[in-house]
Amino acid sequence: MKTATLGKQKISNKRPSSPSSVAANTNSSNSESHHKRSRISSNIRSEKMETTVTWGEWMGAHKTGSLVDNESERIDRQKAAFGHDTIARLKDLNVLIVGCQGVGVETAKNLILSNVGGVVLWDTTICKEFHRGSNFYVTPDHVASGDVTLADASLGELRSLNPFCRVDVLASESLSDEAVLSKDVLGSRRPFSAVVVTQLLPKEELFNLNEIARANGIVFVMALNNGVTSSIFSDFGPRHEISDATGEPTQTLAVSNIEILDEKPKLLEVSGAKDGEKVVIVTVAQNDHGLEDGDVVVLEDMREGMEGLNGKCVTVKRVAIASPTAAKVDTRGVAFKTALQLPTASVISNFERQYDFYKTSFDEDEENANKKFPVRTITIFNRLALVLNDHHGKSLLSDPQVASIDVFGKYQSGGLLNQVRPPIVKEYRSLADTLESTPVPQMLRGEDWELGKGVDIHLSIAAVLDFHDTYGFWPRLHNKDDASEVVSAAKKISDKRKDIEGSCWSQSIQYGFPMGEPRDLDEKRIGRYARLFSTELTGFCAFLGGAAAQEVIKASGKFTPIEQWVHHDEDALVVDECQSNISPLFGSRYDHQIAIMGKDFQARAANQRVFLVGCGALGCEYLKGLALMGIGTGKDGKIWVTDMDRIEVSNLSRQFLFRQNDVGHPKSVRGAMVVKRWNPNVNIEALEKKVGDDSEDFFNDKFWESLDVCWNALDNVQARQYTDARCLFYSKPLLESGTL
């Protein structure tokens, strides 16, 4: 199958407004109200200048004076988190986003803010009112026009997020192999590095897209929100090299001594080393080297006959020593730390004398007959053993300048151990393979994984794909017949796989391990998945958008990808499925929310009184969620948001409510203005007040007692402690989150 389609709607050929004009008028509610279809290869016409502007020109190279938008300053925080090498690699990434509902627009937004090279959107679905519940860039004008696609509706605002990231729409009714394999995406002369699918495609087309990605070194990520169920799948192909698995900073250790022990003492414990073998022990100046068994270091600054070791890699192992439990050695005490400054042979000799004393006393006690002498293992954190029998060690010893292990006996002074992280190569399986052959799919909550709940979600996805193959459409909202068909399909799939080793079928799971004994399908869970299949919730979309974008960033080699599948199911959100409570729907932006949680919930949500403390990166996300959910839209509802800070250029890479022309303005005021445009019915008040003892004249008893919930989005402990104390005093719920 060569193409994939999300809809049969006609695509308009009208071009959108100029990106430069969008960037200049960044937070306009009408920035995309007249946008139709933009072609990737086409030039963009500026309405004000009436001149053609190319990508390179509008992306910042021409800006001067007040229009300067310094890319380096924007991504200052990201450089600290990712490192310069990763930041440079991100600029080479072009990403195709398939689907622009909630998950799609969240993923695109996060990637654009992350400063990847380019993002291309593809979704031919025409904007409907319910899309406004999860896609915050869809406006009433988009819906009223009747011919604006979700991709076009999202384009202008997404472009304005970052003038240094190329963003456009793939102008195609179908997703062809040729488009995915383009060698010159957005004029960058580079292909796509990743494809993110944010809504299910027909099975054959979905599997074909995954295989194309695998065959051409393209990362494939799928992130889905269907009702109260979320799933993410990550496939980095048959061979993926991870240059930095953890992202943690590497260690540089100063050497204070190197010793050769001709025979490893019995009390000395080094993984893989046998008693009587020759071992090389390195003592470092730091109290705790922070390394693990198998870590690799580079020897540097070796002197006085040891210069041949400089630049050589060697594997290290932790060093431990056996000590009688009865000795109760205080490893944090001054005496212990002072003793470790002695040569290793002296340290071992001291422990041997101690061991012999307690062992003799133990053996002399008749009550201990036939009992094992209790011993504890104490790790010596200022010492490491060099591994000289692996490929690093053999390479080192084969160098003519080194010749033998005896070179380490020349040590007098100096030397450094610089930790390095050798690349890790991993193999990932295809979507079709893992959908069938993942016996216990991973769940976000460990207890759900242990109980095997992921099996039913996995089978639900497979069943829905078969349902579409059979009927040509996806399960309809609240349709019991469709749900029954999906449950039947899941049963057939499970029965068919029962005798296939390593497959995903309905078997008993205990503590995450398949037992091979059949169990009943969770028909309620699968049926609910089908009934709510067509819905999205903004909270799940935000989570998946962040997770999917992070997976794409891992294409740079930084961090370890997830192990293919992760599911989450939040059945606690479905509390009242009374037919009159969840239907008929009103044709509103809240339809999906009502279809899942009911009209009663929506009425209560509208009248909630929420105090949001902080309007930074997290605060922007929370304001978005509150506005999309309709919090504070009732006659008694209200949102207060407070933040004393002003917007800085470095904020623009993660606080997505703000643009360049917001710099210098209050965060709370500008944030409130944006979400008020998204949802004019929200009652919101922006404050620039510190929350603390000196503002209790405003945040008084009447204020706190009127609240339903307080929500922290802070970056300091003091303010957190204060709001926590206030919420405890007034018996108000507190949602806590933030950074330090």
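I count two residues as in contact when heavy atoms lie within 4.5 Å.

**Basis.** I am working from a predicted model, in which local features need pLDDT of at least 70, side-chain atom pairs count only at pLDDT 80 or more, and totals for chains, interfaces and linings use all residues. Residues are numbered from 1 along each chain as its sequence is written, and side-chain values use heavy atoms, with hydrogens and water left out.

**Whole chain.** I looked up the secondary structure and found 26 helices and 27 strands; these are DSSP runs numbered from the N terminus, helices being H or I of at least four residues and strands E of at least two. Along the principal axes, the C-alpha atoms fill a box of roughly 90 × 70 × 65 Å. Of the 740 residues, 54% are buried, a term I use for under 20% relative accessible area with a 1.4 Å probe and protein chains only. For contacts with a separation of 6 or more, I noted that 74% come from residues 24 or more positions apart.

**S430.** I located S430 in the loop between β19 (424-426) and α14 (431-436). S430 counts as buried because its relative accessibility is 11%. Its side chain reaches the backbone nitrogen of D433 at 3.2 Å, a polar contact (a pair of N or O atoms within 3.5 Å; within protein, one must be able to donate a hydrogen and the other to accept it, and residues adjacent in sequence count only if both atoms are side-chain atoms). Setting aside neighbours within four places in sequence, I found S430 in contact with N210, E211, R214, F233 and D235.

**Helix α18.** I then listed the buried residues of α18 (residues 523-531): R525, I526, G527, R528, Y529 and A530.

**Five-stranded sheet.** I traced an open sheet with parallel pairing and the strand order β25-β24-β23-β26-β27. Its edge strands, β25 (684-687) and β27 (734-735), each pair on one side only. Two strands pair if DSSP finds at least two bridges between them. Within this sheet, β23 (residues 609-613) and β26 (residues 709-712) run parallel and are joined by four bridges. I picked out V610, whose bridge partner in β26 is V709. In general, strands of a sheet pair through backbone hydrogen bonds, either parallel or antiparallel.

Technical notes:
Buried means under 20% relative accessible area, exposed over 50%, partly exposed in between (1.4 Å probe, protein chains only).
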